[in-house]
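Dear colleague,

Please find below the structure that I am handing over to you. My findings follow it, and I would be grateful if you could read them alongside the sequence.

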Amino acid sequence: FHDKKMQAQPGNARAQFFQRGHGQHHAPHLGQLHDEHIAGRVAAQRPRSAPRTREGEHAASRPARPAVEAAQSVGGSHGRIMAERALFLQGGPVRSWIRACALSSCRVMSLFSGVVGASSPPWRGALLAALAAFLLYVPSLGGGLIYDSILQVGIDGYIHEPANLADILTLRVVALDEIDRNRPVQLASLMLDAPVWGKNPIGFRLTSALLHAGVCALLYLVALRIMGARSIAANLAALFGVLFFAWHPLCVETVCEPSNREDILAAFFLLLALVLFLGPRGASKAGAALCGVSVVLCCFLAAGGKEVGWIAPAVLLVAWWSVLLPRDGFRRADLAVVFAAAVVVAALAAAILALRPAKSDIFLFTPEPWSWARWTDLQPEIFAGQIERMLFPLRLCADYYRENLAPWTQGWLWLLPA
């Protein structure tokens with residue numbers, strides 16, 4: 001009836017459409033749009049709160065009968081489809097749940113795109129990585145002292161004496177017979193915790209978890225600096241790579257044992273040095289010089305955290321060759337920073353080795369003298385063991401001996417050339 005009425009009106013666009021001979025084919029579709037519009041208006045005019053019926057059903061949840069009856073009066077399959085659409089348009093618990101889920105998904109995707117989007121600032125992704133790494137270790141904060149921390153934190157009183165901080169800051173500790181005397185940054189970190197927490201392990205574990213979160217944030221920034229181009233794919237690759245590291249079971253050995261914090265400290269300062277080294281230089285010479293000094297200081301702190309930090313100058317050299325040289329070209333200032341870091345780290349390593357006490361009352365078993373034959377015999381098994389535990393984190397332990405490495409690691413030696 002509505003279609004015939006519209007055809008009778010002269011000058012109407014829809015009447016002209018029918019006069020051209022297309023109305024017979026498209027009339028059901030246009031009538032369907034009108035009926036859906038009427039059903040939507042009927043649904044919109046319903047009162048917000050309706051009284052409950054005798055069966056306890058809310059009246060608003062029932063479909064509006066006039067719209068449904070008007071749709072069913074058309075007859076045939078077309079009328080049935082119109083009736084179903086009218087019922088759907090009038091709401092209900094199922095549609096409300098679908099709408100809520102859709103809105104929640106849109107909000108999550110919008111928030112996620114704001115974190116890893118191409119135009120999002122890098123600190124958002126770094127903060128997300130740090131938060132994910134820290135939350136994983138929150139349940140471990142209630143644990144006690146284990147392994148070496150029982151002696152270093154719970155029994156020995158060196159880190160609990162504030163007067164010993166002067167020996168650490170002046171590096172006189174490298175000549176003393178103390179636990180971790182060759183890792184002054186590790187001792188300074190534990191000594192900063194001791195006045196606040198005493199011998200309570202929760203404070204030492206909390207500091208290690210926060211440092212681990214900082215390492216993950218810095219690793220995300222380093223990954224972005226290495227890739228260079230900013231895109232959603234690059235941000236996602238950096239984020240998923242950092243989460244693989246942050247949640248890997250191997251990190252439990254360093255995060256949950258306060259005396260193993262030296263690995264986290266070495267990684268933290270080494271990554272911080274890379275972030276500064278690969279970042280943009282200041283426009284002024286003073287800003288560039290300050291950045292270079294900061295890089296050298298971070299390399300020194302990484303070397304003072306653990307002996308693995310001694311490779312910091314070599315890592316800077318590789319970063320200069322693979323990232324800075326292709327991006328910025330040859331600059332003497334970059335090589336000057338690498339050279340200064342190598343000198344500082346070499347001086348610290350020489351002092352640690354030269355000032356080692358001839359006899360120790362703490363370490364009953366001293367390492368054997370280094371030799372090339374012994375290194376080539378043992379080091380490949382250590383590398384293979386690390387690869388095995390990275391891919392298949394099984395048989396984990398805080399202290400590894402040679403019997404823990406063989407015979408399972410022998411089959412992984414072929415991965416070293418790759």
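Leaving aside neighbours within four places in sequence, Cys-299 is in contact (heavy atoms within 4.5 Å) with Ala-273, Gly-309, Ala-312, Leu-316, Ala-341 and Val-345. This is a predicted model, in which local features need pLDDT of at least 70 and side-chain atom pairs count only at pLDDT 80 or more, while totals for chains, interfaces and linings use all residues. Residues are numbered from 1 along each chain as its sequence is written, and side-chain values use heavy atoms, with hydrogens and water left out.

Cysteines and the core

Cys-299 counts as buried because its relative accessibility is 0%; buried means under 20% relative accessible area, exposed over 50%, and partly exposed in between, with a 1.4 Å probe and protein chains only. Cys-256 also counts as buried, at 12% relative accessibility. Cys-299 is in no disulfide, since the nearest cysteine sulfur, that of Cys-298, is 7.1 Å away, and a disulfide is a pair of cysteine sulfur atoms within 2.5 Å. By this rule the count of disulfides is zero.

The largest nonpolar core has 67 residues, of which Tyr-220, Phe-277, Cys-299 and Leu-316 touch the most other members. Such a core is a set of buried Ala, Val, Leu, Ile, Met, Phe, Trp, Tyr and Cys residues joined through side-chain atoms within 4.5 Å. At least two residues of this core come from each of α7 (122-136), α10 (184-197), α11 (201-227), α12 (232-246), α14, α15, α16 and α17. The most is given by α11, with 12 residues. Helices here are DSSP runs (H or I, at least four residues), numbered from the N terminus.

Helix α17 (residues 332-354) has 23 residues and should span 33 Å at 1.5 Å a residue; its end C-alpha atoms are 32 Å apart, which agrees. The expected span is 1.5 Å times one less than the number of residues. Among the buried residues of α17 are Ala-341 and Val-345, and the buried residues of this helix pack against α14 (261-278), α15 (285-305) and α16 (312-328).

Is α10 largely enclosed or largely open? Of its 14 residues, 10 are buried, so α10 is largely enclosed by the rest of the structure. The cover over these buried residues includes α8 (148-155), α9 (165-169), α11, α14 and α15. Gly-198, with a positive phi near 65°, follows α10.

Aromatic pairs

The structure holds three aromatic pairs. Rings of Phe, Tyr and Trp (its six-membered ring) pair if their centres lie within 6.5 Å; planes under 30 degrees apart count as stacked, over 60 as edge-to-face and the rest as tilted. Phe-268 and Phe-269 form an edge-to-face pair, because their ring centres are 5.3 Å apart and their planes are at 90°. Both Phe-268 and Phe-269 are buried. The rings of Trp-320 and Trp-321 have centres 6.2 Å apart and planes at 55°, so this pair is tilted. Trp-320 is buried, with a relative accessible area of 7%, whereas Trp-321 counts as exposed at 58% relative accessibility. Together with Phe-330, Trp-320 and Trp-321 form one aromatic cluster.

Ala-133

Ala-133 lies in helix α7 and counts as buried, at 0% relative accessibility. Not counting residues up to four places away in sequence, Ala-133 touches His-212, Ala-213, Cys-216, Ala-246 and Trp-247.

Yours sincerely
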